[in-house]
Amino acid sequence: MSDFFSSFRIPIGEGIDSALELVVSTVEPVTLAFSSVVEKWIDQVENFLLWLPVPVTVLFFAFCAWLVARKLGFAIFSAIGFLLIASMNLWPAAMNTLSLVVVSTLLAVLIGVPIGILAGISRSVERIITPVLDVMQTMPSFVYLIPIFPLFGLGKVAAVFATLVFALPPAIRMTCLGIRQVPPELVECAEAFGATRWQRLFKLELPLAAPTILAGINQTVMLALSMVVISAMIGAQGLGGEVWKAINRLQVDMAFEAGIGIVIIAIFLDRLLQKLGLRASSRWQS
């Protein structure tokens with residue numbers, strides 16, 4: 001029976017390999033040019049965060065926490081957390097990780113939100129992109145790291161695009177869901193008053209979908225942070241690189257310190273985006 005099936009083997013892997021070679025030879029100049037632009041973005045964000053004195057940056061993060069959450073406890077936690085990162089001599093690595101997450105999230109929002117809007121408006125677009133999103137979310141991350149090498153090389157840019165593939169689906173899905181959840185009665189009311197399709201989108205659907213879209217962005221940020229260790233395998237540095245070094249050297253203390261830094265950044269960004277979502281929701285409900 002095994003000989004029977006082996007004689008009728010479908011060469012899916014060989015076909016993908018040939019297609020990848022064709023894509024690389026065709027779009028490599030474009031991807032390399034785009035990589036230089038993305039690398040400049042990452043370097044500018046990282047250089048700015050490292051240019052500021054550590055106390056100033058810590059106070060800025062604490063002020064952002066208080067401004068968004070209006071809770072002194074969250075601001076104090078943010079200040080203590082980032083001071084702890086600095087005390088562990090992980091400040092440059094943490095700012096590197098933060099810059100990668102910021103750029104990855106920005107690209108995910110710029111790409112994912114418009115696609116999610118199209119999917120929310122058109123059922124045909126939703127049917128087309130849903131299988132693609134399923135593959136992106138279920139495919140093991142180590143698999144799609146391989147084709148990133150010839151397209152973007154090793155380093156920060158490759159890490160950003162690997163993270164983008166992994167973290168993009170929630171931004172698309174939640175944007176589509178938010179638009180789909182707008183009550184039909186409100187849409188019919190807007191149509192009755194003569195609103196155009198674009199007016200309904202920008203003045204009704206997107207404002208009401210804002211909390212759901214922000215929840216999708218929050219998930220995107222968390223998934224981007226979960227990729228920092230895997231990204232270290234393809235040349236990214238930061239806290240993920242510190243964890244990867246500790247794994248190779250079997251240094252438990254170094255791994256835990258870098259892991260604590262990742263947790264602090266994750267909690268800070270998660271609470272910040274949650275509060276932004278709640279404020280957006282209360283603003284539009286009022």
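1. Helix 5 contributes the most to the lining of the largest cavity, with four residues. Helices here are DSSP runs of H or I with at least four residues, numbered from the N terminus. The model is predicted: local features need pLDDT of at least 70 and side-chain atom pairs pLDDT 80 or more, whereas totals for chains, interfaces and linings use all residues. Residues are numbered from 1 along each chain as its sequence is written, and side-chain values use heavy atoms, without hydrogens or water.

2. At least two lining residues come from each of helix 5 (91–121), helix 9 (156–180) and helix 12 (228–232). The lining comprises 13 residues, and those closest to the cavity centre are Leu-100, Thr-163, Ala-224, Val-228 and Ser-231.

3. The volume of this cavity is about 80 Å³, and the count is one cavity of 30 Å³ or more. A cavity is a set of points on a 1 Å grid over the protein atoms alone where a 1.4 Å probe fits but cannot get out; lining residues have an atom within 4 Å of a point. Points are joined across faces, edges and corners, and the volume is the space filled by probe spheres set on them.

4. The chain as a whole has 14 helices and zero strands (strands being E runs of at least two residues).

5. Among contacts (heavy atoms within 4.5 Å) with a separation of 6 or more, 78% join residues 24 or more positions apart.

Methods:
On a 1 Å grid over the protein atoms alone, a cavity is a set of points where a 1.4 Å probe fits but cannot get out, and a pocket is an open set with protein on both sides within 12 Å along at least five of seven lines; lining residues have an atom within 4 Å of a point.
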